[in-house]
Every structure is written in structure tokens, then in C-alpha cells.
Amino acid sequence: MKSPFMSGFWLILVAEMGDKTQLAAALFATQYNPLLVFVGVMLALFILSVMAVYLGKIIMDKVDKRTISTIAGIMFILIGASFFL
């Protein structure tokens, strides 16, 4: 059985590889102390992840799962279509 921790870890790792935030952090590390840049990036990612988890939990408690799945599906289709435009 896969743990939710490892599944989430690998999903985020692969999805975020080479995104704008990672490139910005690399650029900051060339101008500033790399250790401080690393700490700042990790703190920001931690805060955003905690917010996403708890806001997701609150939304799931208040909105029907089918409705959320439908909205998520529509959003993914729209985002995918926007890449073709």
C-alpha cells in the first residue's frame, strides 16, 4: 500500500520540476546567499502546502465531492485548452 505522504511527495516533485518558481530561486541563488534562498524557498513552499491542505479539507467538508470533481475536471480541460491557444 502506498503512503499518501510518498504519493504526494512524488506528484509535487515531478509536477514542479523546472517551473517558474524553481527558475527564480536558481536566479536568486546566483545573487544572494544560496542557503538563505533555500530556507526562504522551503518556508514559502511549506506555508503554501499547509494552506492548500487545510483549505482543501475545509472545502471538502462544505461542498459535495461530485461537484468538486466536476469543477476540477472543467478547470483541467480549460487549462489544457489554453495551452493550445
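From the N terminus on, the elements of the protein chain follow the order α-α-α-α. The secondary structure amounts to 4 helices and 0 strands, where helices (H or I, at least four residues) and strands (E, at least two) are DSSP runs numbered from the N terminus. This is a predicted model, in which local features need pLDDT of at least 70 and side-chain atom pairs count only at pLDDT 80 or more, while totals for chains, interfaces and linings use all residues. Residues are numbered from 1 along each chain as its sequence is written, and side-chain values use heavy atoms, with hydrogens and water left out.

**Overall form**

Along the principal axes, the C-alpha atoms of the protein chain fill a box of roughly 45 × 35 × 25 Å. The radius of gyration of the protein chain is 17 Å, whereas a compact globule of 85 residues would have a value near 12 Å; the radius is taken over C-alpha atoms, and the globule rule is 2.2 Å times the number of residues to the power 0.38. Of the 85 residues, 2% count as buried. Buried means under 20% relative accessible area, exposed over 50%, and partly exposed in between (1.4 Å probe, protein chains only). The protein chain exposes about 7,900 Å², of which carbon and sulfur atoms supply 78%; accessible areas come from the Shrake-Rupley method with a 1.4 Å probe, and for residues only the protein chains shown count as cover.

**Helix 2**

Helix 2 (residues 20-31) has 12 residues, which should span 16 Å at 1.5 Å a residue, and its end C-alpha atoms are 17 Å apart, in agreement. The expected span is 1.5 Å times one less than the number of residues. Of the 12 residues of helix 2, the number buried is 1, so this helix lies largely in the open.

**Aromatic pairs**

Rings of Phe, Tyr and Trp (its six-membered ring) pair if their centres lie within 6.5 Å; planes under 30 degrees apart count as stacked, over 60 as edge-to-face and the rest as tilted. By this rule there are 2 aromatic pairs.

| Pair | Centre to centre | Angle between planes | Class |
|---|---|---|---|
| Phe9 and Trp10 | 5.0 Å | 80° | edge-to-face |
| Phe28 and Tyr32 | 5.9 Å | 40° | tilted |

Phe9 is partly exposed at 39% relative accessible area, and Trp10 is partly exposed at 47%. Phe28 is likewise partly exposed, at 44%.

**Leu55**

Leu55 is found in helix 3 (residues 34-62). With a relative accessible area of 47%, Leu55 is partly exposed.
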